Amino acid sequence: NGCETPDNPGVKAAIKAAMKHGGIVAIPAPIDGKSTDFSDVFMNFGPEEVMRQISEATSKYSFAQMPDNFYPDHVKGSWKLFYGTEKSSHMLGDMLFVTALGRKKDSSSWMYFIEYHDRDGKHRTVTIPADKVTGDGTEWLSTLTSSGYHCIAGNKALLEKYITSCNPEKRIRIVTRTGWADTAFVTVAKIYNQPHEGEQYQLTSAAKGVTSQSGTLKGWQEKLGDLLPNNPLYQFTICVALSGPLLNFVPVGSGGFHFFGDSS
């Protein structure tokens with residue numbers, strides 16, 4: 001890691017090769033701000049730290065092989081996507097990666113998971129339905145550009161070729177509603193019991209507006225929680241309201257409880 005050298009050409013060359021051919025780049029962390037290799041890391045911190053940094057690289061700088069004739073290059077401080085042949089080469093826009101393919105449990109509704117950095121340098125992950133990319137419309141490209149992706153005009157066909165030629169190994173299970181998905185519980189804010197290995201679950205953006213937050217935890221505790229002691233009917237009501245997710249574990253159906261007035 002030649003961090004003391006302007007533009008760190010060694011690290012850039014390694015990342016460029018990994019992007020192009022599909023590889024993992026393990027970059028040793030600088031020691032006291034100075035250029036470092038893994039021998040330095042070993043001598044200062046031992047083999048465990050070397051192992052940790054190399055293992056961490058699999059999630060930070062791991063790439064799938066790029067399609068033929070497409071390649072990355074570093075231009076004016078950022079990575080760009082190029083298309084080149086023996087006769088010519090030109091830039092398509094900012095670098096983007098197809099990092100995973102998603103689909104529903106029945107293997108329908110396939111999606112591309114596309115990652116890039118927007119014009120402010122913020123990391124973005126956008127899902128694009130596969131049938132939109134292969135269609136005649138430009139909706140998929142509008143989705144990218146409206147989320148900050150910089151595309152040079154006139155390159156729609158080549159970007160479409162790039163995306164559809166990528167074949168990442170990672171698969172994601174698409175979920176379109178909150179609640180149970182096999183053994184995972186899906187909410188807008190978090191997916192509980194997300195598998196650490198194998199396929200993970202992802203809630204599509206179309207389903208993210210179904211729930212919202214009202215008030216604060218402290219406000220609920222003070223205005224509602226204070227009423228719970230010595231109020232068995234109220235305690236029962238709160239428990240029933242929170243019991244829905246647990247029905248997946250017990251052999252009973254869903255239902256309700258009638259408190260007041262005539263019942264149908």
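This note goes through the salt bridges of a predicted model and then looks at one serine.

1. Overall count. The structure contains twelve salt bridges. Side chains of opposite charge can pair when their charged atoms come close. The points below take up some of these pairs one at a time.

2. Lys16 and Asp73. These two residues form a salt bridge, with 3.5 Å between the closest N and O atoms. The pair ties together distant parts of the chain: Lys16 belongs to helix α1 (residues 9–21), while Asp73 belongs to strand β1 (residues 70–75), and 57 residues separate them. Lys16 has a relative accessible area of 31%, so this residue is partly exposed. Asp73 is also partly exposed, because its relative accessibility is 26%, and buried would mean under 20%.

3. Asp94 and Lys80. Here the side chains meet in a salt bridge with an N to O distance of 2.6 Å. This pair, too, links distant parts of the chain, with Asp94 in strand β3 (residues 89–94) and Lys80 in strand β2 (residues 78–84), 14 residues apart. Are the two partners buried or exposed? Asp94 has 9% relative accessibility and therefore counts as buried. Lys80, at 12%, counts as buried as well.

4. Arg124 and Asp118. A salt bridge joins the side chains of these residues, at 3.1 Å from N to O. Arg124 is partly exposed, with a relative accessible area of 31%, whereas Asp118 is buried, at 9%. The cut-off that matters for this reading is 20%, because a residue under that value is called buried.

5. A network. Which residues are linked in a network of salt bridges? They are Arg103, Lys105, Arg173, Asp182 and Glu199.

6. Ser55. This residue sits in helix α3 (residues 47–60). Its relative accessibility of 44% makes Ser55 partly exposed, because exposed would require over 50%. The side chain of Ser55 reaches the backbone oxygen of Met51, at a distance of 2.8 Å. Ser55 can also be compared in position with Ile24: the two are 31 residues apart in sequence, and their C-alpha atoms are 10.0 Å apart in space.

Note on methods. Residues are numbered from 1 along each chain as its sequence is written. This is a predicted model: local features need pLDDT of at least 70, side-chain atom pairs count only at pLDDT 80 or more; totals for chains, interfaces and linings use all residues. Side-chain values use heavy atoms; hydrogens and water are left out. A salt bridge is a side-chain nitrogen of Lys or Arg within 4 Å of a carboxyl oxygen of Asp or Glu. Helices (H or I, at least four residues) and strands (E, at least two) are DSSP runs, numbered from the N terminus. Buried means under 20% relative accessible area, exposed over 50%, partly exposed in between (1.4 Å probe, protein chains only). A polar contact is a pair of N or O atoms within 3.5 Å; within protein, one must be able to donate a hydrogen and the other to accept it, and residues adjacent in sequence count only if both atoms are side-chain atoms.
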